Amino acid sequence: MRLGQDQKGGTRLARERATMAAMMSLYCRDHHGHRSGCCDDCSHLLDYANRRLDTCPFGEDKPACSKCLVHCYSASQRERVREVMRYSGPRMVFRHPILSLYHLLDKGRKAPPLAIIRRGCSTAAASAARAAKS
Ligand SMILES: [Zn+2]
């Protein structure tokens, strides 16, 4: 079971959330003057990004969003997140070197083929067929 519910809180996604939150607060501090955390707008965007992670069909196998074949962000949110990444990405190296390193490594991952998502369905179908036979 690769894409199960039980992997939702796994380290890969937890790291992704931490990186996103760090990038967002960096961006917000420099653009909106927030000293800690994010302004309402940025919090909203961060919530949105986290919800997309919640429903990411790849789970722990997820590629970097920029390489993903499933465009789950709406066009406007995608543009905003890209802007945050463009700004905060290079700055993360100094502020959060470890997260930044992992982010670079994750970026090198290729998007798994979409067939992986569908495998969940076919596995369920196969076991249903087995159960029907016995
Ligand atoms: Zn902000």
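**Figure 1. The largest nonpolar core of the predicted model.** Of the 14 residues in this core, Met 23, Met 24, Tyr 27, Cys 42, Leu 45, Leu 46 and Val 84 touch the most other members. The model shown here is predicted. Helix 1, helix 2 and helix 3 each supply at least two core residues. Helix 1 gives the largest share, five residues. In soluble globular proteins, nonpolar side chains tend to be buried together.

**Figure 2. Overall fold of the chain.** Five helices and zero strands make up the secondary structure. Along the sequence, the pattern reads α-α-α-α-α. The chain has 134 residues, and 19% of them count as buried. Among contacts with a separation of 6 or more, 70% join residues 24 or more positions apart.

**Figure 3. Helix 2 and its buried face.** Cys 42, Leu 45, Leu 46 and Ala 49 are the buried residues of helix 2. Viewed down the helix axis, the buried residues fall within an arc of 100°, so they line one face of helix 2. Their packing partners are helix 1 and helix 3. The face turned away from this buried side carries the exposed residues Asp 40, Asp 47, Arg 51 and Asp 54. The length of helix 2 agrees with expectation, because 15 residues at 1.5 Å a residue should span 21 Å and the end C-alpha atoms are 21 Å apart.

**Figure 4. Surroundings of Leu 45.** Leu 45 is a buried residue of helix 2. It is also among the core members that touch the most others. Neighbours within four places in sequence are left aside in this view. Beyond them, Leu 45 is in contact with Met 24, Gln 77, Arg 80 and Val 81.

**Figure 5. Asp 41 in helix 2.** Asp 41 is found in helix 2. Is it buried, exposed or partly exposed? Asp 41 counts as partly exposed because it has 13 C-beta neighbours inside 10 Å, whereas a buried residue needs 20 or more and an exposed one has 12 or fewer. Cys 28 lies 13 residues away along the chain. The C-alpha atoms of Asp 41 and Cys 28 are separated by 9.1 Å.

**Figure 6. Helix 3, its bend and its packing.** Helix 3 covers residues 75-95, 21 residues in total. From first C-alpha to last, helix 3 reaches 29 Å, close to the 30 Å expected at 1.5 Å a residue. Helix 3 bends by about 40° at Gly 89. A proline, Pro 90, follows within four residues.

**Figure 7. Confidence along the chain.** Mean pLDDT for the chain is 79, and 75% of the residues reach 70 or more. Confidence is highest in helix 2, at a mean of 94, and lowest in helix 5 (residues 115-133), at 52. Over residues 121-125 the pLDDT is below 50, and this stretch has zero contacts in the model beyond near neighbours in sequence. Residues 1-9 also stay under 50 in pLDDT. For residues 1-9, the model has seven contacts beyond four places in sequence. Where pLDDT is low, the predicted coordinates should not be read in detail.

Note on methods
Residues numbered from 1 in each chain as written. Predicted model: local features only at pLDDT ≥ 70, side-chain atom pairs only at ≥ 80, totals over all residues. Expected span 1.5 Å × (residues − 1). Bend = angle between axes of the 7 residues up to and from the residue. Contact = placed C-beta atoms within 7 Å. Arc of directions from axis to C-beta. Core = buried A, V, L, I, M, F, W, Y, C linked by C-beta atoms within 7 Å. pLDDT = per-residue confidence, 0-100.
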